[in-house]
Protein chains: 2
Amino acid sequence: MARIKGSVGSKTKAAILEKALPLIAQFGYAAVSMRMIADAVGVNAGALYNHFPSKQHMLVLLMSDHMDGLLAAWDEVDIKGMTPAQKLESFVRFHIGYNITRADDVFISFMELRSLEPEGHKQIEKKRKAYEDVVRKIIRDGQKCGEFHVEDAHVAAMSVLGSLIGVNTWYRAKGRLSKSKIEDYYAAISLRSVGYDAEGKAHV
Amino acid sequence: MARIKGSVGSKTKAAILEKALPLIAQFGYAAVSMRMIADAVGVNAGALYNHFPSKQHMLVLLMSDHMDGLLAAWDEVDIKGMTPAQKLESFVRFHIGYNITRADDVFISFMELRSLEPEGHKQIEKKRKAYEDVVRKIIRDGQKCGEFHVEDAHVAAMSVLGSLIGVNTWYRAKGRLSKSKIEDYYAAISLRSVGYDAEGKAHV
DNA sequence: CAATTAAATGAACGTTCGTTCTTTTAACGG
DNA sequence: CCGTTAAAAGAACGAACGTTCATTTAATTG
C-alpha cells in the first residue's frame, strides 16, 4: 500500500507528537523506538521521516513546544499591579493547574534534558531558565518590599519550584486530594516558606 | 588473553558498580550499553556477566544499595527525644548532606524507577516509601503536638521532600553557596513551610 | 484533467544492543 | 603441586535500532 486515503501531513505530524509524548514520558526517550511511536500512530516507521528529520528533532520539538506553551500561558495569567504575595499565590496555582493537566510534557521537559544534544539542550535550557526567573523575580520583589523574609531569594525560588515539580510524581486524578485542594495547600506552604506572614493569613 | 593477573571477583564487581553509576546518572539506564560500562572498567563486555546475571539486575542492585545506605545512615543520625522541629531540621541537614555527596545515586534512584521491571520496581518503591514515611511521621508528630501548623501532613511532607530533591538538580560544589549554607537555608525554609514559628526562631 | 507534489508502504542498510559460548589463564584449596 | 574453580578475552548470536530508499497512491495545483 502507499498513501492512505484522507491523510494530511499536518494531522499526521500532530498525531505523532501526541502519541510520542506519553510513550517517552513512560519509558524515556532512549527506550522508545521510532517503531513504537509509529505503531501507536498506526503508521510505518519510515513515514515518520516525512515529518521530522530525526528522532532527536522530535524530542526538541516536544520540549520546546511545551516550554513555549508554559511561558505563554503564564504571561496570560500574570497580572500587573499584584503584590508579591498575591503573585506568588497566583503562580503556584497556575503551575499546579497547568502541570497537572499536562503531566507528561512536564515530566519529559524535566527528565529528558540529558537526552538532548548540545544545540537542543542550549535552546531548552534557556526557556527553562526563563521560567525559573519568574519565581526568582517574585521572591526578590517580595524580599525588597519587606513582604517576604528569606535568607536567599535564589534558594527560596528553587525550593518552591522543587516542591511544585514534585507534585507531578505523586498526584493522581483519582486520589484523595482534588486539584483545587492541592492548589490551596501549596499556596499556603509556599507563602509560609518565603516567610510571608500577614497577620496569620498564611495559616489557613 | 584470558584472566587478568591479580583480578579478584569482588574487586571487579565493585569497580563495575562504581563505573556504571556516573554513566547511568549522566546518560540514563537505557542509553548506557554494557560495552560502555565494560570499557570504563577496562574489561570486556562479556566479563560483566561473571558478576551480574543481567543489565537489569545491575540497576536494581545500584538502586537497592543506595536506598539501604540512605535509610541506614538516617537511622544513625536519628536521635530519640527530639522535638519534631529539631527532628525536621536534623532530617533536612542530613538529607542535603548525604545527597550532595552522593548525587549520582540519588539522581538514579529518582529517575530510573521507570526503567525497573515489575519485580525490582516493587522492591525499590518500598524502600523509597519508607524514606518518605520518615518525613511524614515527623510532620504528623509536629502537627499532633501543635508545633507545626499544616493543612495536610502528607502534602507538606511531599513538598519538603520535593524541594530537597530539587537541590541535586542545581547544586554545584564550586558554586556560590557552600553545603552548610544550603543546609541552613533549607532548614529555615522547611520549618517555615510546615508552619513552625517559635517566637520568630524560623526567621533567621 | 494532466502534472506535480505530498504521504504513505515495506524492504533494506549498517550498527549496536544484551547476552551466550568457547577458550585461556590465573587464583585457590586439598 | 595438582585439580578445580573463578575471571577474563573475544567471537558470535539474533534482535532491534535509527535511518534511507524505491515505489505506490492520494491530494493538490495550474
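Me: Which helix of chain B gives the largest share of the side that touches chain A?
Reply: In this predicted model, 31 residues of chain B are in contact with 31 residues of chain A. On the chain B side, at least two residues each come from α1 (9-27), α7 (153-170) and α8 (179-193). The largest share of that side, 10 residues, is supplied by α7(B).

Me: How many residues on the side of chain B that touches chain A are nonpolar?
Reply: The side of chain B that touches chain A includes four charged residues and 11 polar ones. The remaining group in this division is the nonpolar one, and its count is 16.

Me: What kind of axis relates the two copies?
Reply: Chain B is superposed on chain A, with an RMSD of 0.1 Å, by a rotation of 180 degrees with 0.0 Å of shift along its axis. The two copies are therefore related as by a two-fold rotation axis.

Me: What percentage of the contact residues of chain B recur in chain A?
Reply: The same surface serves both copies. The share of the contact residues of chain B that recur in chain A is accordingly given as 100%.

Me: Which elements give two or more residues to the surface near DNA strand D?
Reply: There are 26 residues around DNA strand D, and those that come nearest are A:A2, A:G46, B:G9, B:N44 and B:G46. The residues of this surface divide into 11 nonpolar, 10 polar and five charged. Two or more residues are given to the surface by α2 (34-41) of chain A together with α1 of chain B.

Definitions and conventions. Residues numbered from 1 in each chain as written. Chains lettered and ligands numbered in written order. Predicted model: local features only at pLDDT ≥ 70, side-chain atom pairs only at ≥ 80, totals over all residues. Contact = placed C-beta atoms within 7 Å. Helix = DSSP H or I, 4+ residues; strand = E, 2+ residues; numbered from the N terminus. Nonpolar A, V, L, I, M, F, W, Y, C, P; charged D, E, K, R; others polar. Least-squares fit on C-alpha atoms with pLDDT ≥ 70 in both. Near = placed C-beta within 6 Å.
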